[in-house]
Amino acid sequence: MKNPLNYGLLAIVLGVLGLFSPAAEAREVPIGSITFESRPEREVINVGGREGEFQGIRFEVRQSDVEVLDLRVIYGNGQTEDIRVRQLFRAGSSSRVIELGSPRRAVRQVAITFIPRGPARIQFFGVERIGGGGGGGMGGWVRLGCKDVR
C-alpha cells in the first residue's frame, strides 16, 4: 500500500531548506555578449543606457573553450573592481556568480581578458539578488546590450 505524498508539507520543507523558494532565486539580466576568433583578446561590454544595479555577475561560454584571465568591472561612479579569474571554461559551461562589492552597484562596463580556443561567444548576466532575501522574483530577462567581435 502506497502512502500519499503531502505536497503542501513537501513544499514547506523544501522552502525551509531553501530548495523551493522563489525568494531564494537570483534574477539574472543579460547585460551583453562577445563573439571572437582564436587569439588573445581584451573586450569591453557596455551595459548601456539602462545601467544595471547588480549584486553580482555571471557568464556563460558557448561554442569553444575559453581561458578567462581577468575581469574588470567599471561602476557608474567611475570606480573599478579587478577580479582575477585564471580558469579554463569548457564550451557550454558557466562561471559561478561573482559577488560585487557593496549590496547593489550600478555597473557601466565589464572588461574581460581571455584566450579563446576557437570561435566562441561569452554571454554576461547581471545578478540582481543573491540568496534568499527580499521580495518575490520576476522571471523575465531584459537584453541590455550585445557586442559581436570579429
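Buried means under 20% relative accessible area, exposed means over 50%, and partly exposed is anything in between (1.4 Å probe, protein chains only). Keep that handy for the exercises below.

A word on the source: this is a predicted model, where local features need pLDDT of at least 70, side-chain atom pairs count only at pLDDT 80 or more, and totals for chains, interfaces and linings use all residues. Residues are numbered from 1 along each chain as its sequence is written, and side-chain values use heavy atoms, with hydrogens and water left out.

**Exercise 1. Work out the overall make-up of the chain: how many helices and strands does it have?**

Step 1: Get the elements. Helices (H or I, at least four residues) and strands (E, at least two) are DSSP runs, numbered from the N terminus. The chain has 1 helix and 9 strands, and along the sequence the pattern reads α-β-β-β-β-β-β-β-β-β.

Step 2: Check the cover. Of the chain's 150 residues, 39% count as buried.

Step 3: Look at the contacts (heavy atoms within 4.5 Å). Among those with a separation of 6 or more, 82% come from residues 24 or more positions apart.

Step 4: The chain exposes about 8,600 Å², with carbon and sulfur atoms supplying 51%; the areas come from the Shrake-Rupley method with a 1.4 Å probe, and for residues only the protein chains shown count as cover.

**Exercise 2. Trace the pairings of E8: which residue stands opposite valine 44 in E8?**

Step 1: Take E2 (residues 41-46), which runs antiparallel to E8 with 6 bridges. Alanine 111 is the residue opposite valine 44.

Step 2: Take E5, also antiparallel to E8, with 9 bridges. Here aspartate 70 faces threonine 113.

**Exercise 3. Sort out the charged pairs: is glutamate 60 buried or exposed?**

Step 1: Recall the background. Side chains of opposite charge can pair when their charged atoms come close. A salt bridge here is a side-chain nitrogen of Lys or Arg within 4 Å of a carboxyl oxygen of Asp or Glu, and the structure holds 7 of them.

Step 2: Glutamate 60 and arginine 58 meet in a salt bridge at 3.0 Å, N to O, and both residues are buried.

Step 3: Move to glutamate 67 and arginine 117, whose closest N and O atoms are 3.2 Å apart. Glutamate 67 is in E5 (residues 66-75) and arginine 117 in the loop between E8 (105-116) and E9, so this pair ties together parts 50 residues apart in sequence. Glutamate 67 is partly exposed at 23% relative accessibility, as is arginine 117 at 46%.

Step 4: Compare arginine 72 and aspartate 82, bridged at 2.5 Å, N to O. Arginine 72 sits in E5 and aspartate 82 in E6 (residues 80-89), so the linked parts are 10 residues apart in sequence. Arginine 72 is partly exposed at 32%, while aspartate 82 is exposed at 51%.

Step 5: Finish with the network, where salt bridges that share partners join Glu28, Arg58, Glu60 and Arg62.

Methods. Pairing = 2+ DSSP bridges.
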